[in-house]
Amino acid sequence: MIINPIIPIWAMAIICVLFLVMKRKGTFDFIRQIIIVVLLFVINLRFTIPGTDHIEGAVDVDVLFVCDNTISMIAEDYNGDGKRLDAVKKDCEYIIDQFPGASFSVVSFDNKVDLRTPYTSDVTITKQTIGILNGQGQLYARGTTLNDIMGEMEKLLDKERETYQIVFFITDGEDTSEQTLKSYSGLDKYVDGGAVLGYGTKEGGPMRPVYYAGDTDEPEYLYYYDDDFNRLKAISKLDEDNLKSIADDLGVEYVHMTKQSNIDDTIKGIQDEIGPMEMNNDIVMPQGDKEFYYIFIIPLVVLLIIDFIYYRRKIFRKA
């Protein structure tokens, strides 16, 4: 049980003492007053308990999301003019829901590699972590390389535990560095399933910088100047060659994502493989804290109504 006071406990204690100092006449009235003060104090403590849910799921399944968070992922060419990263967030939520009981980890890459969450069975945290990916800001973007992420993936893919390890490598495949794409084949022995998910189109899409609520105007699209100083709109294009190369190295499928159902066959294949594994019908998954302090509001309201009726009648009798 956890307490999250609405106002500091010491401040509420002073308020409650002041209420009790103003003692009412009559035993029943004073008892009612004490109960009201106690209820106010308890409500202010805002009791919560860790939320859990008992579900059926596979035992010892790890799902690793490797998410491209570079500026190219805000390009607007998903299923028309949708932003790639918006589709990624929805698709990842869908994937998470297909593997109840699994542990999830999220790592992102742009100028640097970030371990966003270590493995956890808390699906709420995992979804929130992916939900806050907004692409890299224009001022910080320094180009994209698909090589840097390999080191972090090797750390996260468990070589000791006997887990079924799933990897979803999510990117547009665009590499703007001058580096040659390295081979991911050294990681394939740790990967039991998953897919490389490609977002974007070969024609490409324009990129609008991240829009912040405090901005007065929505930013315009990104532009660059060519050798003749012509101002041209920056376009990010899907690079399927890189995506297929990574998929082959990891021993997984490459899926070009144009709609959520594109991933269904891959998920079904993984679920079929997991199926024969030992199942546990009583997996407890954290689901966020659950508040129950509001239960005490009901008797408080009842007592306040009684108080109102009692003193209203008392006032009319005097009148």
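I began with isoleucine 297, and I found its place in helix H8, which covers residues 297–318. I kept in mind from the outset that this is a predicted model.

I turned to strand S9, residues 193–198, and asked myself how many of its residues are buried. Six of the six are, so I wrote down that S9 is largely enclosed by the rest of the structure. Going through the side directions, I saw that Gly193, Ala195 and Leu197 point one way, while Gly194, Val196 and Gly198 point the other way.

I also checked which strands pair with S9. Strand S8, residues 164–171, runs parallel to S9 and is joined to it by six bridges, and within this pairing phenylalanine 168 stands opposite alanine 195. Strand S14, residues 253–256, is likewise paired with S9 in the parallel sense, over four bridges, and there the bridge partner of alanine 195 is glutamate 253.

My last entry concerns glutamate 152, which I located in helix H5, residues 149–156. Its relative accessible area is 16%, so I recorded glutamate 152 as buried. Setting aside neighbours within four places in sequence, I listed Val107, Val113 and Leu115 as the residues in contact with glutamate 152.

How values were computed:
Residues are numbered from 1 along each chain as its sequence is written. This is a predicted model: local features need pLDDT of at least 70, side-chain atom pairs count only at pLDDT 80 or more; totals for chains, interfaces and linings use all residues. Side-chain values use heavy atoms; hydrogens and water are left out. Buried means under 20% relative accessible area, exposed over 50%, partly exposed in between (1.4 Å probe, protein chains only). Helices (H or I, at least four residues) and strands (E, at least two) are DSSP runs, numbered from the N terminus. Two strands pair if DSSP finds at least two bridges between them. Contact means heavy atoms within 4.5 Å.
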